[in-house]
Amino acid sequence: MADNPQTPLATTRPLSPHMTVYRWPVTMMASITHRVTGVGLAMGAVVLAWWLVSISNGPEGWQSFHAIADTPIGLIVLFGLTWSLIYHFLNGIRHLAWDLGYGFDKQVAERNSVIVFALSIIAALAVFALTWTGHGGYLQ
Amino acid sequence: MSTAQTPLHKVQGMGSSHSGTGHFWHERVTAVALIPLSLWFAYTVLGLIGTSEVTALQFLAHPWNALLMGGFVCFSLWHTYLGLQVVVDDYIHTAGAKIFLLLLIRFSVIATGATCLFAIVRIAAL
């Protein structure tokens, strides 16, 4: 106990990880974004509950939902949830592939991170573009 | 070889978390179930945008759609609970705050799920 070698070293050793001094690798960004979108989607579950309850309340409920959802802030929140769901879906498939042992190669992991970021943004924009051009509502 | 593990601890094979791979496995099972359910959910929500409450009511009142929406709600909220639990485990290191947050998350998830399921049953019964 008297000559514990860790005591003098501990004061000089660098601590890890230093998020503020590291260059952020894209794989780290992808991992953090997966968690952030997951927490965001937990909030989205409350919006889903509100949407279902408003439908069950008939015409007044439907209108009360749209009175808030159709505002600019409502649309920004819905866009965020749309992108979060698409991102978490695509990156979740990456996680399942990792569980099967695929995609751990450094170059492949970096490439797939970029693909997931790009695809999720394109798909979220496509969803809103299709809706605005009247391609939604096909269950009428 | 000397070990700090008791024979009981060793034979249970559950490691330092005392729960084995149960959490990991449930997170994966719910994730796999959510792949088709999320695709159906996206198809449904996009198909109902810009329609009337009558369309939404009739669509969700159909038994298959009510079941699928119920499945999406159950699996996504179960997955939500497991995911948020990991976030708390990673960042909260005080026992009191951890227990408080985990209970809060558990009750919130159950309340949200119960509300969704009640609404789905109500829509189907209308």
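Two residues are in contact here if their C-beta atoms, placed from the backbone, lie within 7 Å. Keep that idea in mind as you look at this predicted model. With it you can follow how the buried residues of helix 5 of chain A pack against helix 2 and helix 4 (72-99) of chain A, together with helix 2 of chain B.

**Helix 5 of chain A**

- This helix covers residues 106-132, which is 27 residues.
- From its first C-alpha to its last, helix 5 of chain A reaches 39 Å, close to the 39 Å expected at 1.5 Å a residue.
- Which residues in helix 5 of chain A are buried? They are Asn112(A), Ser113(A), Val116(A), Ser120(A) and Val127(A).
- As a general point, an α-helix has 3.6 residues a turn, so residues three or four places apart point the same way.
- After helix 5 of chain A comes Gly134(A), with a positive phi near 80°.

**Helix 2 and helix 3 of chain A**

- Two packed helices are described by the angle between their axes and the distance between the axes.
- For helix 2 (residues 26-56) and helix 3 (residues 58-69) of chain A, the angle is about 145° and the axes are 6 Å apart.
- On the helix 2 side of chain A, the residues that meet helix 3 are Trp50(A), Trp51(A), Val53(A), Ser54(A), Ile55(A) and Ser56(A).
- Their partners in helix 3 of chain A are Gly61(A), Trp62(A), Ser64(A) and Phe65(A).
- Sorted by class, the residues of this contact are six nonpolar, four polar and no charged.

**Chain B on its own**

- Chain B has five helices and zero strands, and its elements run α-α-α-α-α from the N terminus on.
- Why is chain B described as more spread out than a compact globule? Its radius of gyration is 20 Å, well over the 14 Å that the globule rule gives for 126 residues.
- Along its principal axes, the C-alpha trace of chain B spans about 70 × 30 × 25 Å.
- Of the 126 residues of chain B, 19% count as buried.
- Take the contacts in chain B between residues at least 6 apart in sequence: 71% of them join residues at least 24 apart.

**Where the two chains meet**

Terms used: Residues are numbered from 1 along each chain as its sequence is written. Chains are lettered from A and ligands numbered from 1 in the order in which they are written. This is a predicted model: local features need pLDDT of at least 70, side-chain atom pairs count only at pLDDT 80 or more; totals for chains, interfaces and linings use all residues. Helices (H or I, at least four residues) and strands (E, at least two) are DSSP runs, numbered from the N terminus. The radius of gyration is taken over C-alpha atoms; the globule rule is 2.2 Å times the number of residues to the power 0.38. A residue is buried if 20 or more other C-beta atoms lie within 10 Å of its own, exposed if 12 or fewer, and partly exposed in between; C-beta atoms are placed from the backbone. Axes are lines fitted to C-alpha atoms, for helices over the stretch in contact, and angles run from 0 to 180 degrees between N-to-C directions. Ala, Val, Leu, Ile, Met, Phe, Trp, Tyr, Cys and Pro count as nonpolar, Asp, Glu, Lys and Arg as charged, and the others, Gly among them, as polar. The expected span of a helix is 1.5 Å times one less than its number of residues.
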